Amino acid sequence: MKIKYLLPLVVFSLCSIIGQNLNGKKIYINPGHGGHDSNDRFIEATGFWESEGNLTKGLYLRDLLDSTNAITAMSRVTNFTADDKPLSTIVAEANAFGADYFHSIHSNGYNGQANYTLVLFRGTDANPANPQSKVMGQYIVDELYLVNNVTAKYNRGDYSFLGYYLGVLSGLNMVGTLSEGSFHDYIPESWRLMNLDYRENEANAISRGIYKYYSAGDKPVGEVAGILRDPTKTVSYYYITSLGDNKKPINNFTVTLQPGGKFYNGDNKNNGYFIFDSLAPGPYKVYYQAEGFFYDSASVTVTANKTVWAIKDMAFDYTIPPSVLSHSPTDTPDSIRVDESISITFSRQMNKTSVESAFNITPTAVGSFTWESGDTKLTFTQLDFLQTSTIYNINIDTTAVSHWGYKMDSNYTFNFTTKSKDGLRIISHYPADSQQFIPCRGQIRLVFNSPIHTGTLSGAVKLLDEGGISQSVTSVEIYSLDGKGYINFEPSVPLNRNAVYNIFLDKKIGDLDGYKLRNDIEIFFTTKAEKYTDGFILDGLEDIGNWVAPSSADSTTGVDTNNTNFSIVTTKKIGGSKSGKLQYKFHAINGVCQIQNSVPYEIGAVDSSIFGIWVFGDLSHNILEYWFYDNTTSNIMKVIDTIDWAGWDFKYLLNSEIGSSGDKQFHSLVIRQSDTGLLNGTIYIDNIQKDALTNILIEKENLIDGYRLYQNYPNPFNPTTKIRYSVPTLENKLMAYVQIKVYDMLGREIATIVNEEKSKGNYEVEFNAKNLASGLYFYTMKVGNFIQTKKMLLLK
Amino acid sequence: MKKFLLTCLVLPTLVFGQQIKIVETKKITESGDYFYPRFSNDNSTLFVTSNNYNGIKSINLETKNEKVINNYPGAGYDYVISEDGNNLICRPYNYIDGMKYYSIISQNLIDLHENILEKDVRNLSWIFPSKQGVVYVKEGNLISSEINEFKNYNEDIYVYWDNWSIIIERDGNRKEYKPFDDAIYIWISLSPDKSKFLFNLGNRGTFIADLKGNILLELGKDVLAPEWSPDGNWIIYMNQTDDGVNYLTSDIWLVDANGNNKIQLTNTDDMLEMYPKWSSDGKMLTFNTIDGDIYISNLSFE
């Protein structure tokens, strides 16, 4: 038979059980569950499987009973799923075996916050199906309570306790019980159950209950068990204080027992448990030794047939100098990512200020410190990415002291080298930060230094209005080109005029290599104040009409005709269902790309008439020109703008600005390649018109309906950041007295950054924190009764 | 009480060209501690016991009258009815010094007169009916009691578990058979024609073997508490699932004696049907639920 788990069976020595005799009693043992499958119970935090715990206890119990002349049978001796028998066969086996007693071994689980011992028998508390089952249960629960670190004990009828009958106790033709020794989902107990000796002593307790029930004699020897804990540290999981489980168990200790010189080496499974067995009754001295703690001892008196507890809270040896136990990144052949944080784990609680002062990174990197694990682990997180392909040196000098003021014996230093791959950055964007006069129908363009992982974008890119309300967007384009990542989108409806908007990029945005933005990014911009009203539409660009291809136009020159064309498309439009798309490519600078209408449009001679075209800009920084004929058909070329916008904008001029007099005709739109412009691009045009109306939105300021204090940007910052605020139209006066002050976390005033009268309008002020320490600060705007406070984070 | 879903129990099935279905199911008992029912030889009566086999009652299927046969601990486990149907022979136990000691008591089913055949024997197991009395295993030996005359029995075929083996006794020859290993083999039963037998090993499943010990058929791990039909053509069994502590599902199934077809007879969501038994004419089934209720189902063969 294959044994899946070779369990170390340490049977209590025969000398310890002299006098105990079960005289051929037939006992059937059922270690519950089995096989790491769906009916098993697993505690991820500790790695404990109930099937394993039950089997270990069952095998120990079998060996104990066999050594005292019982005849035993077990429902399983392995932990294969295939050997996990149906309940009906387990019960049938026990009956066929003619067992005098049946016992099912389990550990309990509920909500992770209970830990008591429970023994169940079939029936109700007052009316057990077999009264002897209740008697047996009491013996066993009394013994289990003495060896497991639990809060209470219960010997109950299954129907009374559960409200139904247990299947495993159904159909037994003998005395039968089920024990739940303790709760495996209570994490301190789960760690104890990871100690095989703890399980063994539970089996020992069950056997002791059986011996007492049968009056089969007592063991002439006893045990000393204990738990070593650090009273200065609290565990991170749920605990029951009355069990002492708030205090962190100590690993890898040594306990020695005198006389006899027995020693026990504690495991590393966070239980601090030890036990000495087969001890003759009498006085003993227990000596406790654990690294970092003062040597200690206790006196105990061993009683026959009983486990005596010798739990010890160890005294921390604060005089030991601190040392570094580990660090990361480690010196490995592979270089280190530029977004890697630096962690250093110390042997004991540290004085944080001293360590942060003693920390030195070369080349210099600005970042922040965080502490965890009881101030034993320091993590330094850089505000920006580390430099690429750079050897960094970290040094902690001996001014770093422990919480108790003891210095490190020597400096601690280590190096690592960063990879050549940079972290994810945004390298350009439109609009630029704080850019004004952005078209209300503009297009947002974001360019990253790496292709973006689209799976990281959900909810990570937002266009926010002044109130922080997310705006609906459309025409989203996400693509990569030449090793860069691009994200373009447009607002679904035109943005408000003369309004501040914020493009918010969450730092969860990542590239294909798993690098993420180092911080959240906010890009503020202000829209144009102009309002446009369509005039007489000369051409809605719904069909190609009399437009001549650029290659056939009179003045086109220096273009790559294979990659230059003009067509009518449906993908973008201002009015109707289509627009004109001009895709162009120049051979070199000073090229001219003309789209010409062979039947020019009459635009009249009224000086105040506005002629304009909706143009979807491509940020090419080439020159946009409109060409006209005057009344003598002489050509007039008018520079309209540098194409430094993206998205739709209305580009116009007054008839009077065209020059000349008399009726004029519009015949061409021209892209002229500039010194600083791109060689290729794509624009769209729509709704060529005359007699359009525009007005600067002077009244926009009236839309400021109250004082506003906006979130600073960037945030976090180092060392400067900008703070925007608004002053509304004022009643009965022209100016308001505005104060903006900065405070630290303790409420101390740090700086006054605005302290003067302001008229209505939007303002921005820069705050420089070069003399301040990293941390959280508050800034407050106060105007009359208006007070508003926001937080900002300085990371150096 | 859980509502019984009769329609779910009526599952027509086809075996050997026959359509087999449950045409009617009756609940025999009100809620209570009724378990492991079996028919009397003439099918007029059900014998039931408690969950832990304490005592035996009879229930007249016509009048529904209940009669206590006895209240002995363990009497309801492994008892038999004599072939003439007049006597019930059971094997109750007494705990002495924490150990079970068994007796064999024969009771007249008319006047309940008791005849104690054995008294407080430690190793006493497996009772089989014989023409004029009973055969049982005492201290590893097959003993026949016929009209109070005890003798070693060597005139028939018996199969049972003892000494971690299956024991095949055939005309006085004893053979220890261990198909897999030293183990507790359960639910051992001889076919009606006494040519083969069923057995189960908990982690292996249910098998059919011939009297030489050759395994003829592996019926599977889902075949639990199997029982031959009176004509030996079918085996009825329960198919249960559990979570290691509690039963989750249990239904009654049929498989033909060649193991070719497994047919589900019950399929209820709110009831766990367990431990089915045939009537002697093979036209009825009786079973108990996990909650201790007794049912009888009439079968139709078309």
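The model is predicted. Chain B and chain A bury about 3300 Å² between them, and the domain assignment of chain A gives domains 1 to 6.

**Interface between chain B and chain A**

- The contact draws on 43 residues from chain A and 38 residues from chain B.
- Of the area of about 3300 Å² that the two chains bury between them, 52% lies on carbon and sulfur atoms.
- Tyr95(B), Ile184(B) and Val245(B) supply 16% of the area that chain B buries against chain A, more than any other three residues.
- Between chain B and chain A there are 23 residue pairs in polar contact, counting pairs with both residues at pLDDT 80 or more.
- On the side of chain B that touches chain A, the elements giving two or more residues are strand 3 (35-39), strand 9 (93-96), strand 10 (99-108), strand 19 (186-190) and strand 24 (234-242) of chain B.
- By residue class, that side of chain B divides into 19 nonpolar, 12 polar and 7 charged residues.
- The count of salt bridges between chain B and chain A is 2.
- Lys25(A) forms a salt bridge with Asp97(B), where the closest N and O atoms are 3.9 Å apart.

**Salt bridges in the whole structure**

- Over all chains, the structure holds 43 salt bridges.
- One salt bridge within chain A joins Lys57(A) and Glu202(A), with the closest N and O atoms 3.1 Å apart.
- This pair links distant parts of the chain, 145 residues apart: Lys57(A) belongs to helix 1 (residues 50-66) of chain A and Glu202(A) to helix 6 (residues 196-213) of chain A.

**Domains of chain A**

- The assignment gives domain 1 (14-213), domain 2 (222-313), domain 3 (324-417), domain 4 (426-528), domain 5 (532-698) and domain 6 (704-794).
- The centres of domain 2 and domain 5 of chain A, taken over C-alpha atoms, are separated by 89 Å.

**Five-stranded sheet of chain A**

- An open sheet of 5 strands in chain A runs in the order 36-39-44-41-42, and its pairing is antiparallel.
- Strand 36 (547-548) and strand 42 (635-642) of chain A each have a single partner strand and stand at the edges, so one side of each is left without a neighbour in the sheet.
- Strand 39 (residues 592-604) and strand 44 (residues 664-672) of chain A pair in the antiparallel sense over 8 bridges.
- Cys593(A) stands opposite Ile671(A), which belongs to strand 44 of chain A.

**Three-stranded sheet of chain A**

- In chain A, 3 strands form an open sheet with antiparallel pairing, in the order 47-48-51.
- Its edge strands are strand 47 and strand 51 (761-768) of chain A, and each pairs on one side only.
- Strand 48 and strand 51 of chain A form an antiparallel pair over 8 bridges.
- The bridge partner of Thr720(A) in strand 51 of chain A is Asn768(A).

**Backbone exceptions**

- Most peptide bonds are trans, and most residues other than glycine have a negative phi.
- The peptide bond from Tyr430(A) to Pro431(A) is cis, with omega near 0°.
- Pro431(A) lies in the loop between strand 25 (426-430) and strand 26 (435-438) of chain A.
- The bond from Asn718(A) to Pro719(A) is also cis, with omega near -10°.
- Pro719(A) is in the loop between strand 47 (708-709) and strand 48 (720-727) of chain A.
- Asn43(B), a residue other than glycine, has a positive phi, near 65°.
- Asn43(B) sits in the loop between strand 3 and strand 4 (45-49) of chain B.

Notes. Residues are numbered from 1 along each chain as its sequence is written. Chains are lettered from A and ligands numbered from 1 in the order in which they are written. This is a predicted model: local features need pLDDT of at least 70, side-chain atom pairs count only at pLDDT 80 or more; totals for chains, interfaces and linings use all residues. Side-chain values use heavy atoms; hydrogens and water are left out. Contact means heavy atoms within 4.5 Å. Buried area is the accessible area (1.4 Å probe) that two parts lose on being put together, summed over both. A salt bridge is a side-chain nitrogen of Lys or Arg within 4 Å of a carboxyl oxygen of Asp or Glu. A polar contact is a pair of N or O atoms within 3.5 Å; within protein, one must be able to donate a hydrogen and the other to accept it, and residues adjacent in sequence count only if both atoms are side-chain atoms. Helices (H or I, at least four residues) and strands (E, at least two) are DSSP runs, numbered from the N terminus. Ala, Val, Leu, Ile, Met, Phe, Trp, Tyr, Cys and Pro count as nonpolar, Asp, Glu, Lys and Arg as charged, and the others, Gly among them, as polar. Domain bounds come from an automatic or database domain assignment. Two strands pair if DSSP finds at least two bridges between them.
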